[in-house]
Amino acid sequence: MTLPESKDLTHFFSEETKSRKPSPLKTCIHYFGDPNIVFLAGGLPMSDYFPWDNLSADTPLPPFSRGIGAELTGAEDETSKFMVKKNSKVHSGDIPLARSLQYGRSMGQPEMIEFLKEHTKMIHDMKYSDWDIVATTGNTNAWESTLRVFCNRGDVILAEEHSFSSSLASAEAQGIITFPVPIDEHGIIPSKLADIMDNWTEGAPKPKLLYTIPTGQNPTGSSLNGERKKEIYKIAQKHDFLIIEDEPYYFLQVGPYFADKNERAQQAEQHANMSHDDFLKSLALTFLSVDTDGRVIRMDSFSKVLAPGTRLGWITGSEKLLQAYLSLHEMTIQSPSGFTQSLVSGTLNRWGQKGYIDWLIGLRHEYTAKRDHCIDSLFKYIPKDTNKDGKQIFSINPPIAGMFFTVDMDASAHPEFSTKYNSDPAQVEQAIYAKVVKSGVLVVPGVWFKTEGETTPAQPASSKQSLNPNQIFFRGTYAAVDPVQLDEGLRRLGVALREEFQLA
């Protein structure tokens, strides 16, 4: 079936993007390496003067039967020892150092991009023909570029009412207004988003885009299901805004939490025996897969699935929009690190698409065990006391993806809420933070992630009305420490909460 082209949505471009002209020198870089042309146009140092002759690495081999975290033994059947050379290819997926360490290729090195395009076809059901990929130095860079490509000072964007603080700070630093969208334990509430947009104040600038972390949301750990994504996409079409799909945790989908050990064992067995096709089918529907217009920009990263220090990711979207990213990157980051691209491409192309899926399946297994241990400990240590209405003061919503958990709490249940803390949940939150740090455990208050921008003229009060104004939460992670440390940290958290709320 022939797919249609994406819509022309370049009317979203910022004034910066509209005024940026292509770098003249970049228009001729493709002649570099042409044997019929003596290239005297650019200041490209000869690769003879690059002091690195090769790059070697040992990595585990698919199917990673001893687990993705197992220490390498060097055995031939489980270890890949490979070398990326300076001027030649050992493997078709290699990026020779003479090229990867040179100027150019702002889109990303072709061997790396080709692997990612094949990966994209496996994960997403693309609905238009003219999609492409641009390499980034991770999602932080991708988001910063997105703001510059689309937004002017004074523009409005939508974000979950609690969102990644660095993303909010990046927008605010550029004078961009971040307006909150209500969420629950399953992510953005489509009906609330629809109400906000249907009642948008006349004269206030309309939102250009919705920034969302759909899977294992940071900080809340919530995950949007496919039906909600379809509803949100229709709202974006109706009100004409873009959706920025920030998905660093997408492959950390661990499924539902089972307190019952028999049910948990059954889930573990299913994961262990899962075929590649079953794994791919189990993944959440993506915004990219429902995008018929080309109004979704998806940001992916290797930070959570390989290593944060690779500083390598990619943006997927319509060619019409990605050209602006390319022009920006040619004048800013140039391209991701050549060492990283050579190392990651050499690894992934030797594993192959099936081997990479094996790695992702192994990652699911590891994070499922981490999540389960964390939630077990939370239920063990967090107080089960109730407030005056008989509802639990503290609640836990087991995440189905990502690396974060939250402990929600009713601030009004604090015995000094109306006296010492002036009926202000934020003051209770600050007191709890001081208490947990003193108790030797670090979890962070939800207020650090709060989206609280406002337009001029202002939006209706109903559009910013909190579902539960006295509810606060603290975010923690089960990714950073071993199970013994995690258990001890959560024990200390439980003791700190019990002492602060003066519970018996």
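Visitor: Which exposed residues sit on the face of α7 turned away from its buried side?
Guide: A word first: this is a predicted model. The buried residues of α7 include Arg 228, Ile 232 and Ile 235. Seen down the helix axis, the buried residues of α7 fall within an arc of 160°, so they line one face. The face turned away from them carries Glu 227, Lys 234 and Lys 238.

Visitor: Nice. What span does α7 reach from its first C-alpha to its last?
Guide: α7 covers residues 226–239, which makes 14 residues. At 1.5 Å a residue, the reach is close to the expected value, and it comes to 20 Å.

Visitor: Which residue caps the N-terminal end of α7?
Guide: The place to look is the backbone nitrogen of Glu 227. A side-chain oxygen lies 3.2 Å from that nitrogen, and it belongs to Asn 225.

Visitor: And just after α7, what phi does Asp 240 take?
Guide: Asp 240 follows directly on the helix. Its phi is positive, at about 55°.

Visitor: Let's turn to the loop. Is Ser 163 buried or exposed?
Guide: Ser 163 lies in the loop between β4 (156–160) and α5 (165–173). Its contacts include Tyr 211, Pro 219 and Phe 449. Buried means under 20% relative accessible area. Ser 163 has 0%, so it is buried.

Visitor: How far apart in space are Ser 163 and Lys 234?
Guide: In sequence, Ser 163 and Lys 234 are 71 residues apart. From C-alpha to C-alpha, their separation in space is 22 Å.

Technical notes. Residues numbered from 1 in each chain as written. Predicted model: local features only at pLDDT ≥ 70, side-chain atom pairs only at ≥ 80, totals over all residues. Heavy atoms only, no water. Helix = DSSP H or I, 4+ residues; strand = E, 2+ residues; numbered from the N terminus. Expected span 1.5 Å × (residues − 1). Buried < 20%, exposed > 50% of the residue type's maximum accessible area, 1.4 Å probe, protein only. Arc of directions from axis to C-beta. Polar contact = N/O pair within 3.5 Å; in protein donor to acceptor, adjacent residues only side chain to side chain. Contact = heavy atoms within 4.5 Å. Lists of a residue's contacts leave out its neighbours within four places in sequence.
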